[in-house]
Amino acid sequence: MKKVVLASASPRRRELLDQAGISYEVCPSSVDEVVTTYEPGEAVMALASQKALDIAERVLQRDDARIVLGADTVVVFDGQILGKPKDEEDAARMLKMLGGHTHQVYTGVCFVTNKNGHCIKECFYEKTDVTMYDINDAQIAWYISTGEPFDKAGAYGIQGYGSVFVASISGDYNNVVGLPLAKVWQYLYLLCNESELLIDEQQ
């Protein structure tokens, strides 16, 4: 399998790629993210695409065999997109909102590579439903004190302390962590062997 360039500094995504035995290097994107739609699936794919194209423009040569991987994850509750909390108050607001309810986690994934001098781009998103137990104020205060919520979409990490609040999930667990790993592997396999999706290099 070709080497992947991960356009993300997320340690969780690195751990997932390690888990699958995928060879990769890390080159985080610093692009200013622009969201032009409130439809969650379209939004996360657009953000993942912006990150992947940003790094591809910097690191891929015309005949480079590497594949740039961009990803973006958001939590959605009652039609509202929740990113990472700005501060403790924002984290508490999100946790109180999610407690006792079912929300959705969307991760957008975008691959960019070169083939025969053309730019190849492939994007998709995955959605997982997550149901939370009720979370009281004392539990919220304790969880915020761990520091875990602040770099997590929706202010919780299912793979960490936040797992104690999760009653059930429907869908891909790894998608909630930050990358739908099995689907990523399947797409990489196809890209490495037979992808014919060509796009204009100016897009």
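Let's start with the core. The largest nonpolar core has 41 residues. Six of them touch the most other members: Leu69, Phe111, Met132, Tyr156, Leu179 and Val184. Keep in mind that this is a predicted model.

Now, back to Leu179. What is Leu179 in contact with, leaving aside its neighbours within four places in sequence? The list includes Leu16, Leu17, Leu69, Ala71, Val109 and Val184. Arg13, Asn174 and Thr107 are in contact with Leu179 too.

Let's follow Thr107. Thr107 sits in strand 5, residues 102-115. Is Thr107 buried or exposed? Its relative accessible area is 0%, under the 20% cut-off, so Thr107 counts as buried. The side chain of Thr107 also reaches the backbone oxygen of Asn175, at 3.1 Å. Not counting residues up to four places away in sequence, Thr107 touches Val44, Phe124, Tyr125 and Glu126, among others. Asp72, Thr73 and Gly178 are also among the residues it touches.

Thr73 takes us to the largest pocket. About 550 Å³ of space lies in there. The lining has 30 residues. Nearest the centre of the pocket are Arg12, Arg13, Thr73, Lys84 and Asp151. Remember Arg13: that residue is in contact with Leu179.

Which elements each supply at least two residues of the lining? Helix 1 (11-19), strand 3 (67-77) and helix 5 (173-177). Strand 3 gives the largest share, five residues. By type, the lining divides into 13 nonpolar, nine polar and eight charged residues.

That's my tour. Over to you.

Definitions and conventions. Residues numbered from 1 in each chain as written. Predicted model: local features only at pLDDT ≥ 70, side-chain atom pairs only at ≥ 80, totals over all residues. Heavy atoms only, no water. 1 Å grid on protein atoms, 1.4 Å probe; cavity = no way out; pocket = protein on both sides within 12 Å on 5 of 7 lines; lining within 4 Å. Points joined across faces, edges and corners; volume = space filled by probe spheres on them. Helix = DSSP H or I, 4+ residues; strand = E, 2+ residues; numbered from the N terminus. Nonpolar A, V, L, I, M, F, W, Y, C, P; charged D, E, K, R; others polar. Core = buried A, V, L, I, M, F, W, Y, C linked by side-chain atoms within 4.5 Å. Buried < 20%, exposed > 50% of the residue type's maximum accessible area, 1.4 Å probe, protein only. Contact = heavy atoms within 4.5 Å. Polar contact = N/O pair within 3.5 Å; in protein donor to acceptor, adjacent residues only side chain to side chain.
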